[in-house]
Amino acid sequence: MLTADLDRAEEYVADLSWGPAGEGVLIASSCRGTGGAASCRLFRLDPDGGTALELASMPSEIVPGSAIWRPEGGQVAFLARSGGRTALCLLGTGRDGTSPTFRYLADLTGEDSALLPFAPLAWEPGGACLV
(Lines give C-alpha, C1' and ligand atoms only; values in the text may rest on other atoms or scores of the structure.)
Protein backbone atom coordinates (compact mmCIF):
# COMPACT_ATOMS: atom_id res chain seq x y z
CA MET A 1 0.00 0.00 0.00
CA LEU A 2 1.31 3.45 -0.93
CA THR A 3 0.80 6.22 1.64
CA ALA A 4 1.61 9.89 2.07
CA ASP A 5 1.00 11.58 5.40
CA LEU A 6 -1.61 14.16 4.35
CA ASP A 7 -2.62 14.90 7.93
CA ARG A 8 -3.18 18.65 7.82
CA ALA A 9 -6.72 20.01 7.80
CA GLU A 10 -8.07 20.46 4.28
CA GLU A 11 -4.91 18.99 2.69
CA TYR A 12 -5.36 17.28 -0.67
CA VAL A 13 -3.26 15.97 -3.56
CA ALA A 14 -2.93 18.88 -6.00
CA ASP A 15 -0.57 17.44 -8.62
CA LEU A 16 1.42 14.31 -9.59
CA SER A 17 4.42 13.93 -11.88
CA TRP A 18 6.11 10.62 -12.80
CA GLY A 19 9.90 10.45 -13.00
CA PRO A 20 11.47 10.09 -16.47
CA ALA A 21 12.06 6.34 -16.18
CA GLY A 22 9.14 5.58 -13.87
CA GLU A 23 11.47 5.43 -10.87
CA GLY A 24 9.18 7.51 -8.69
CA VAL A 25 6.40 10.04 -8.57
CA LEU A 26 6.41 13.58 -7.22
CA ILE A 27 3.26 14.30 -5.21
CA ALA A 28 2.29 17.91 -4.45
CA SER A 29 -0.26 18.43 -1.69
CA SER A 30 -2.01 21.72 -1.09
CA CYS A 31 -3.97 23.19 1.79
CA ARG A 32 -5.33 26.48 3.08
CA GLY A 33 -4.39 27.60 6.55
CA THR A 34 -5.89 30.15 8.87
CA GLY A 35 -6.92 33.23 6.92
CA GLY A 36 -6.83 31.35 3.62
CA ALA A 37 -3.04 31.31 3.21
CA ALA A 38 -1.92 28.58 0.81
CA SER A 39 0.79 26.03 1.55
CA CYS A 40 2.19 23.04 -0.28
CA ARG A 41 4.18 19.96 0.59
CA LEU A 42 6.17 17.93 -1.94
CA PHE A 43 6.75 14.19 -1.57
CA ARG A 44 8.65 11.54 -3.54
CA LEU A 45 7.05 8.14 -3.70
CA ASP A 46 9.07 5.20 -4.99
CA PRO A 47 7.18 2.68 -7.16
CA ASP A 48 8.06 -0.26 -4.89
CA GLY A 49 5.53 0.99 -2.34
CA GLY A 50 5.78 2.27 1.17
CA THR A 51 5.52 5.70 2.66
CA ALA A 52 6.22 8.84 0.67
CA LEU A 53 9.30 10.88 1.65
CA GLU A 54 8.52 14.54 2.34
CA LEU A 55 10.99 16.61 0.31
CA ALA A 56 9.87 20.18 1.04
CA SER A 57 7.16 22.34 2.57
CA MET A 58 6.43 25.79 1.13
CA PRO A 59 4.15 28.75 1.92
CA SER A 60 2.83 28.69 -1.65
CA GLU A 61 1.03 26.47 -4.14
CA ILE A 62 2.61 24.50 -6.96
CA VAL A 63 1.25 25.46 -10.37
CA PRO A 64 -0.55 22.28 -11.52
CA GLY A 65 1.18 20.57 -14.44
CA SER A 66 4.36 22.64 -14.13
CA ALA A 67 6.66 20.00 -12.58
CA ILE A 68 9.26 18.59 -14.96
CA TRP A 69 11.87 16.02 -13.93
CA ARG A 70 15.49 16.36 -15.01
CA PRO A 71 16.25 13.51 -17.46
CA GLU A 72 18.46 11.66 -14.94
CA GLY A 73 15.72 11.91 -12.27
CA GLY A 74 17.64 13.71 -9.53
CA GLN A 75 15.87 17.09 -9.73
CA VAL A 76 12.45 18.52 -10.51
CA ALA A 77 11.83 22.08 -11.73
CA PHE A 78 8.40 23.60 -11.07
CA LEU A 79 6.48 26.85 -10.72
CA ALA A 80 5.15 27.98 -7.34
CA ARG A 81 2.56 30.71 -6.81
CA SER A 82 2.00 32.86 -3.72
CA GLY A 83 0.52 36.31 -3.19
CA GLY A 84 0.28 37.06 -6.91
CA ARG A 85 3.91 36.07 -7.58
CA THR A 86 4.98 33.09 -9.64
CA ALA A 87 8.46 31.70 -8.96
CA LEU A 88 10.70 29.15 -10.67
CA CYS A 89 11.96 26.55 -8.17
CA LEU A 90 14.24 23.51 -8.23
CA LEU A 91 13.90 20.48 -5.97
CA GLY A 92 16.53 17.79 -5.40
CA THR A 93 14.60 14.52 -5.03
CA GLY A 94 17.08 12.74 -2.73
CA ARG A 95 16.76 9.75 -5.04
CA ASP A 96 20.49 9.01 -4.87
CA GLY A 97 20.52 8.85 -1.05
CA THR A 98 21.42 12.52 -0.56
CA SER A 99 19.25 14.88 1.48
CA PRO A 100 16.45 16.54 -0.51
CA THR A 101 17.21 20.16 -1.43
CA PHE A 102 14.99 23.11 -2.36
CA ARG A 103 16.20 26.12 -4.38
CA TYR A 104 14.28 29.24 -5.29
CA LEU A 105 15.64 30.37 -8.67
CA ALA A 106 13.68 33.48 -9.73
CA ASP A 107 10.41 35.38 -9.62
CA LEU A 108 8.69 35.26 -12.99
CA THR A 109 5.99 37.78 -12.10
CA GLY A 110 5.64 40.62 -9.59
CA GLU A 111 3.10 40.90 -6.77
CA ASP A 112 0.65 42.98 -8.80
CA SER A 113 0.82 40.83 -11.93
CA ALA A 114 -2.21 39.03 -13.26
CA LEU A 115 -1.94 35.25 -13.20
CA LEU A 116 -0.41 34.65 -16.60
CA PRO A 117 -0.13 31.31 -18.34
CA PHE A 118 3.44 30.10 -18.85
CA ALA A 119 4.89 27.89 -21.53
CA PRO A 120 5.66 24.42 -20.14
CA LEU A 121 9.04 24.05 -18.48
CA ALA A 122 11.53 21.73 -20.18
CA TRP A 123 15.08 20.48 -19.65
CA GLU A 124 17.45 20.49 -22.59
CA PRO A 125 18.04 16.87 -23.71
CA GLY A 126 21.30 16.48 -21.76
CA GLY A 127 19.66 17.84 -18.59
CA ALA A 128 22.24 20.61 -18.14
CA CYS A 129 19.77 23.51 -18.11
CA LEU A 130 16.11 24.52 -18.24
CA VAL A 131 14.73 25.94 -21.48
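How many bridges pair β9 with strand β10 (residues 85-92), and in which sense? Eight bridges, in the antiparallel sense. Strands here are DSSP runs (E, at least two residues; helices are H or I, at least four), numbered from the N terminus. Two strands pair if DSSP finds at least two bridges between them.

Some ground rules. This is a predicted model, where local features need pLDDT of at least 70 and side-chain atom pairs count only at pLDDT 80 or more, while totals for chains, interfaces and linings use all residues. Residues are numbered from 1 along each chain as its sequence is written, and side-chain values use heavy atoms, with hydrogens and water left out.

Back to β9. Its residue L79 has L88 as bridge partner in β10. The hairpin of β9 and β10 has two residues between the strands, and G83 takes a positive phi near 55 degrees there.

Next, strand β8 (residues 68-69). It pairs with β9 over two bridges, antiparallel. I68 stands opposite A77. This hairpin has five residues between the strands, and G73 has a positive phi near 85 degrees.

Strand β7 (residues 61-62) also runs antiparallel to β9, joined by two bridges. I62 is partnered there by A80.

Why is β9 called largely enclosed by the rest of the structure? Because six of its eight residues are buried. Buried means under 20% relative accessible area, exposed over 50%, partly exposed in between (1.4 Å probe, protein chains only).

On to the rings. The structure holds one aromatic pair. Rings of Phe, Tyr and Trp (its six-membered ring) pair if their centres lie within 6.5 Å; planes under 30 degrees apart are stacked, over 60 edge-to-face, the rest tilted. F78 and F102 have ring centres 6.4 Å apart and planes at 40 degrees, so the pair is tilted. F78 sits in β9 (residues 75-82), F102 in strand β11 (residues 101-107), 24 residues apart. F78 is buried, at 0%. F102 is partly exposed, at 37%.

Now R44, in strand β4 (residues 38-45). Is R44 buried or exposed? Buried, with a relative accessible area of 10%. Its side chain makes a polar contact of 3.1 Å with that of D46. It also reaches the backbone oxygen of T93 at 2.5 Å. A polar contact is a pair of N or O atoms within 3.5 Å; within protein, one must be able to donate a hydrogen and the other to accept it, and residues adjacent in sequence count only if both atoms are side-chain atoms.
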